[in-house]
Structure formats: structure tokens, C-alpha cells
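Thanks for sending this one over. Here are my notes, as a few numbered points to read beside the model.

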Amino acid sequence: GNFVPPIRTNGANTGNMTSRIAGKGDDSIDDSTKRCMEMLCGPDGELPEKLRNLEPRLIEHVSNEIMDQDPHVRWDDIAGLEHAKKCVTEMVIWPLLRPDIFKGCRSPGRGLLLFGPPGTGKTMIGKAIAGEAKATFFYISASSLTSKWIGEGEKLVRALFGVASCRQPAVIFVDEIDSLLSQRKSEGEHESSRRLKTQFLIEMEGFDSGSEQILLIGATNRPQELDEAARRRLTKRLYIPLPSSEARAWIIRNLLEKDALFKLSKEETDTICRLTEGYSGSDMKNLVKDASMGPLRVALRQGIEITKLRKEDMRPVTLQDFENALQEVRPSVSPNELSTYEEWNRQFGSLS
Ligand code: ADP
């Protein structure tokens, strides 16, 4: 009765299943990997065809690190970008919600490119699409495929698309897609990165032709690096510009109101917006963070100890706090860069 088997036997079915997948014994797969594989099995308890020849540890990595069941971003969290929101709703959200209507000549493109300066909300849009369309979100940075997953990038790409096809509808967001689908460097291009790129294009081709509910979103700050093959597959290409003055005002108010710190007048807010021309959404967030430290710094200068400090001891955030913060937080995008995006948008962007 006290006999303890030398090999773990919990989850007997999974043991068989994973052995078949990995071609290895049950003992090579730990419990968390097993749980992950079990969740991907169909109603018959079998692992879908696409995942059978993939390494369980890669499937687990995709499920735990790349997949996000509920990314918690909605349209209302994103300032401005009305044009992009409208295009994206029509082009990708409705088709994901109503695949029965969007077929035949209404069938949607499966690839969307979001390009523009860093920190303007491209990732937020990707998450909001998944949130609004009730889709599973997968986020991967293309540069990590070449830097962190040296030699294994291809396998990880297969695992990514394989898991996504089991989790439909799905949105796969590939950040810095230029580092994966850049213009062929013929001679100089490393053999492994060429293979990775080919694998990626094959996977995209696979779901493009089928009835799969998968959307690929590529994001880049360097659209000019993308080659023709990439442009062909990313049929809709939306410019995500720096936030307008109204959008900057919205970000300030929204962030400060969350902590009940917003007491600025309309004139003061307008002044801050004038002073932040050229700031990205992410720069604005950093600016608000820095400005919101102002009241705290003043209270501490007055000799109140941090451990004894009460919320009532601090005044609201003022225009002066923003003026001080503007000395610290500078815009991260240079005006020259903007003209490159605008030019590329004129040439390749989708204007509607
Ligand atoms: P990108 O993917 O374009 O580099 P992100 O979507 O990652 O930029 O944005 C980084 C951060 O900047 C976000 O988490 C958010 O706090 C802020 N931000 C950027 N753009 C916006 C926006 N349009 N509305 C609200 N916040 C924004």
C-alpha cells in the first residue's frame, strides 16, 4: 500500500498524449507543461493536429508568456486616433465578431500594419482590438525572436501560430515587425533569420487562405525597412501619429483623475498642451508622472516625514508642477522622423 511508483502517473491521459507529441517519456514533462497541454486539447482529449509535432516547452511558453486571455484595454482608454479606431472597427473587429457576414467579397484582410513613432498607442490598439472583439491576444516582439530565441525562432513561430489557431478568434501582435520582415539583405542576411522570415510568411499564408479567425497585427517605427512581401501581406496600413492637442489634454485629465489629482483649469490645461507639441502618448504619461511628484516633493521640503505624510497634506498638481516636469521630460521623437512617416504614409498607407 505504501508503494510509490518511480515515475509520476498523475494525469495518465496527458502522459500518453505528451509522449506522442514530444516523442519522449512522460517524465520529461513537468506538471505545469501538462496542464497547459491539457487546456489545448479538444473535446476528444486529443491535442489538435497543428500542435502534435511541437515541443511542449515551446507550447507552454506561448501559452504562459505570449498569450493574454484578457488584455484589459478598451477603445475608451485610448486618446484620440479616431480615424484608426474607425478603420479598425470596420476592418477587423466586425469580421471577428460576425464571420458569417464577412465572407466572400466582404472577407477581411488578415494582416494589419500599425506604423508611426514609438509610444503612440500601437500596442494599446492591438490589445483593444482583442478586447473589443473578445479575441485572445498574443504579443511577441520580433526582435526577441532573433535575439533571445537564437536558432529556435522558427519553432517558436510555429508554436505561436499553432496555439493561436486553437484559441480563435485570435489577434497576434508582432511588435518591431521590421526586424523580422525587413528588406532582404541578400548576401549579408543571416541564413537563420532568412529561414525565420520564410517560416513566418508561410504561417501567414496558411491562415490567410483559410477560414481561420486569426488577425495578424504588425507594429513598427521603421516602416521604410519593410520589404514588398511584407507590405503585400499587411494589406491595411494605418499611420498612428503623435497625439493631437485634444488627445494630450485627454491623457493629462484621464491620468490625474484616476488619482483624484486633477484640479487644473481649462486655460492651464491649454497652456500645457501648447508646451507639449511633439510629445508622444508615452512622453505625456511620463510627464504626468513627474508632475504628480511635485506636491509630494513640496510637502517633504516643508519638513513632513514621508511615513507621517497624509494625502490631505499635499496640494493638487499645478501648472507649475508641469512646467518643472517639462524640464525633465523631453519629447522622444524628433521632427525629422515625422516627415519620414508622413512620406511613407503617402506612398503606402491606407488613407481610409
Ligand atoms: P507603441 O506600441 O506605439 O510604442 P504603446 O501602445 O506601448 O506605444 O504606448 C505606451 C504607453 O503610452 C501606453 O501604455 C499609454 O500609457 C501611453 N499612450 C500612448 N499612446 C496613447 C494614447 N493614444 N492614449 C492613451 N495613452 C497612450
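Which residue in β4 does isoleucine 140 stand opposite?

1. Isoleucine 140 stands opposite valine 174 in β4. A word on the basis: this is a predicted model, where local features need pLDDT of at least 70, side-chain atom pairs count only at pLDDT 80 or more, and totals for chains, interfaces and linings use all residues. Residues are numbered from 1 along each chain as its sequence is written.

2. The pair belongs to strands β3 (residues 136-141) and β4 (residues 170-175), which run parallel and are joined by six bridges. Tyrosine 139 has phenylalanine 173 in β4 as its bridge partner. Helices (H or I, at least four residues) and strands (E, at least two) are DSSP runs, numbered from the N terminus, and two strands pair if DSSP finds at least two bridges between them.

3. The antiparallel pairing of β1 with β3 takes two bridges, and methionine 67 stands opposite phenylalanine 138 in β3.

4. On burial, β3 is mostly covered, with five of its six residues buried (20 or more other C-beta atoms within 10 Å of a residue's own; exposed is 12 or fewer, with C-beta atoms placed from the backbone). In helix α2 (residues 31-40), the buried residues are Thr33, Lys34, Cys36 and Met37. Seen down the axis of α2, these fall within an arc of 165 degrees, so they line one face of the helix; the arc is that of the directions from the helix axis to the C-beta atoms. Exposed Asp31, Ser32 and Met39 sit on the face turned away from the buried side of α2.

5. Finally, the ligand: of the 18 residues around it, Gly121, Lys122, Thr123, Gly281 and Ser282 come nearest (near means a C-beta atom, placed from the backbone, within 6 Å). Two or more shell residues come from each of α5, α10 (245-258) and α12 (281-292).
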